[in-house]
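Subject: Structure to look through, with notes

Dear colleague,

Please find the sequence and the structure just below, and keep them open while you read. My notes come after them.

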Amino acid sequence: MSKRGFMDHALVQLTLMRMREFIREPEALFWSMIFPLALAAGLGIAFRNRPPEVLKIAAVTPRLTEALRQEKQLDVMQLPPQLAEQFVRTGKVALAAEPAADGTVVYRYDDTNPEGRQARMLADQAIQRAAGRQDPIAGRDQIMREPGSRYIDFLIPGLIGMGIMGNSIWGMGFSIVDARRKKLMKRIVATPMPKHYYLLSFLLWRMILLPVDVGVPLAFGALVFDVPLRGSFVALAAACVLASLCFSAVGLLLASRVRTIEAVSGLMNVVMVPMWILSGVFFSSQRFPDLVQPLIKALPLTAVIDALRANMLQGSGLAQVAPQAGVLGAWLVVCFGFALRLFRWR
Amino acid sequence: MPPSQTKTALRVRNLRKAFKDVVAVDGVDLEVRSGECFGLLGPNGAGKTTTIEICEGLTAADSGEVEVLGLRWSSDASTLRQKLGIQLQETQLAEKLTVFETLSLFRSFFLQGPGAEEAIRMVQLEEKRGARVGALSGGQKQRLALACALVGDPDLLFLDEPTTGLDPQARRQLWELIEEFKAAGRTILLTTHYMEEAERLCDRVAIMDHGKIMTQGTPRELIAGIGVEHVVEFSAGSNALDMDRVRGVAGVRDVRSENGSVLLQVTELHRAVPALLEELGRQSVPLTELRTHSATLEDVFVHLTGRHLRDE
């Protein structure tokens, strides 16, 4: 008999099976890697901080045009009255200014459109100033456009947290139920394999995949959108590992008895969808009523995302995210404990 | 083969198992000797799979004793797992893995046994070594499942319905493999609802129905036990036949009509057939059809239960 090497170890072979099943499933690769990136890119572009917007307006006389062009936030074109009115109606300009017979100025705009109201304010201010109005108090602007306070900075930690949750819960839930449904699990426990190896191989594979799960959106955010990484790398890695273990335990619990893919998909959605909404992936969870805030804070996804945001955006260390780590640890212990009690090998 | 301490590979006594209110196994006694191929034959739902899975340590019995290779599941499970080769009914192996990868995986669970390459050779899957499991035919998948059962060099091989769902050619191929294992002296317990399979492969057979063993012995003993060696079936069209005189033909033990044919159970074919032809000649009855077959385990099952094996 030949000597047994590293590759002949049952745990290595089981982990290799996880890896092969994953990389040979193109859909899994797409949903867990490419889709979150596309989402981040799309949202990053949609909510990017644009330069201050210039409003297009129309004026019908050279004098009005001249006066309005003093305001830098307005892009003024001179048009004959009929055309100006038509442009307002079709939304090509936000407002049209024309002189009336009695010396007043008529502003044509849609008051339900914020751009129209803003144009009305800016145009009137320009015309009044051109006519000699003096402002009693002068104002000075100080512009704040730092990385770390933009939407994309808020979004990337949310997407990383969501990715860890989704990949861990799906990775455990789907594979376990699929193996049980096909009786592959029953076949494997009919061998001398130590049973804990089977579960350990899932965790090993998750840990191998975690740097990719986290690294891809993190690198994407940092390189494309200059999302800051202010906290320590060790604290970030620790938070991600704890989160991945916690959600793997949740996935194990959800998959502990179920025999069909449909049933486990339903269970996973029941668990994950509320967290997507409540835990502040896309918008701050502070928007929910105060009454439900303690509940939201107790959700594992909220804990991960809060810890990631604190680390990346505020540079918090391990000590400051201890409450979040506590929440994750509690979910991990409780779910894993129940999963081991409930788990069925067939 | 490592020498076995006992001559009995498997001993089952008064085994019982009920699922909710269905009694799947109802007082089964079995003894499989080292080196023999023992068959559990019965229709679907007879309790064969439950019985074999209790022996494999996958299902707990409600009561009764199971001794495998002189060991018990309650105290020696990890030793036993190393010594058994198991093929389950309807296992789907991981479709994304190749044949070689699947066998390397299964081999890694055992302390000793043939390597993946050798196991591939044993089941003649060399050409499919690098093929994904999902791309294999039904017969190839069954052979791979068999190879997975062999990688631990088992002292006892459990095969649950190894050829169910296969086409005749794939079935024969698998039979040849199992015959090779038999020739190599392996002990095998297999379940089947194909009487040809049991007759061809098994040294001894237990016929099971409704959770009970109806009878057991060598196929030859069981067939001889119903007192009939051959069945002669003939048809005389619409002609009138004096049945009493047919009954009197030498060597005929029983006469029965079924769907316009006459079935004779006979002991000595070489005497009964000429005598029958002579008698029909005397009655001037023309023969439109004549068939004979040797009694089979199917006839034993019909004799015991009044039903055919494939009825369910």
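This is a predicted model: local features need pLDDT of at least 70, side-chain atom pairs count only at pLDDT 80 or more; totals for chains, interfaces and linings use all residues.

Residues are numbered from 1 along each chain as its sequence is written, and chains are lettered from A and ligands numbered from 1 in the order in which they are written.

Domains

The bounds here come from an automatic or database domain assignment. In chain A, domain 1 is made of 9–47 + 150–342 and domain 2 of 55–130, and the centres of these two domains, taken over C-alpha atoms, are separated by 53 Å. For chain B the assignment gives domain 1 as 8–217 and domain 2 as 227–294, with 42 Å between their centres, again taken over C-alpha atoms.

Where the chains meet

Two residues are in contact if their C-beta atoms, placed from the backbone, lie within 7 Å. How many residues does each chain bring to the contact? Chain A brings 20 residues and chain B brings 23 residues. On the side of chain A that touches chain B, helix 1 (10–23) and helix 7 (184–189) each supply at least two residues, and helix 1 gives the most, with five residues. Helices (H or I, at least four residues) and strands (E, at least two) are DSSP runs, numbered from the N terminus. That side of chain A divides into seven nonpolar, four polar and nine charged residues, where Ala, Val, Leu, Ile, Met, Phe, Trp, Tyr, Cys and Pro count as nonpolar, Asp, Glu, Lys and Arg as charged, and the others, Gly among them, as polar.

Two helices of chain B

Helix 3 (residues 99–108) and helix 5 (residues 138–150) of chain B pack with their axes 9 Å apart and at an angle of about 25 degrees; axes are lines fitted to C-alpha atoms, for helices over the stretch in contact, and angles run from 0 to 180 degrees between N-to-C directions. These two helices of chain B are therefore roughly parallel to each other, a term used for angles under 35 degrees. Helix 3 contributes B:Val99, B:Thr102, B:Leu103 and B:Phe106 to the contact, and helix 5 contributes B:Leu144, B:Ala147 and B:Cys148. Of the residues in this contact, six are nonpolar, one is polar and none is charged.

Helix 11 of chain B

The buried residues of helix 11 (residues 297–305) of chain B are B:Leu297, B:Asp299, B:Val300 and B:Phe301. A residue is buried if 20 or more other C-beta atoms lie within 10 Å of its own, exposed if 12 or fewer, and partly exposed in between, with C-beta atoms placed from the backbone. The buried residues of helix 11 pack against several elements of chain B, including strand 3 (37–41) and helix 7 (195–201).

Positive phi values

Most residues other than glycine have a negative phi. A:Asp226, however, is not a glycine and has a positive phi of about 60 degrees; A:Asp226 lies in the loop between helix 8 (195–224) and helix 9 (233–254) of chain A, and it counts as exposed because it has 12 C-beta neighbours inside 10 Å. B:Asp153 has a positive phi near 50 degrees and lies in the loop between helix 5 and strand 6 (156–160) of chain B, where B:Asp153 is partly exposed, with 19 other C-beta atoms within 10 Å.

Best wishes

Note on methods
Angles under 35 degrees count as roughly parallel, over 145 as roughly antiparallel, 65 to 115 as roughly perpendicular and the rest as oblique.
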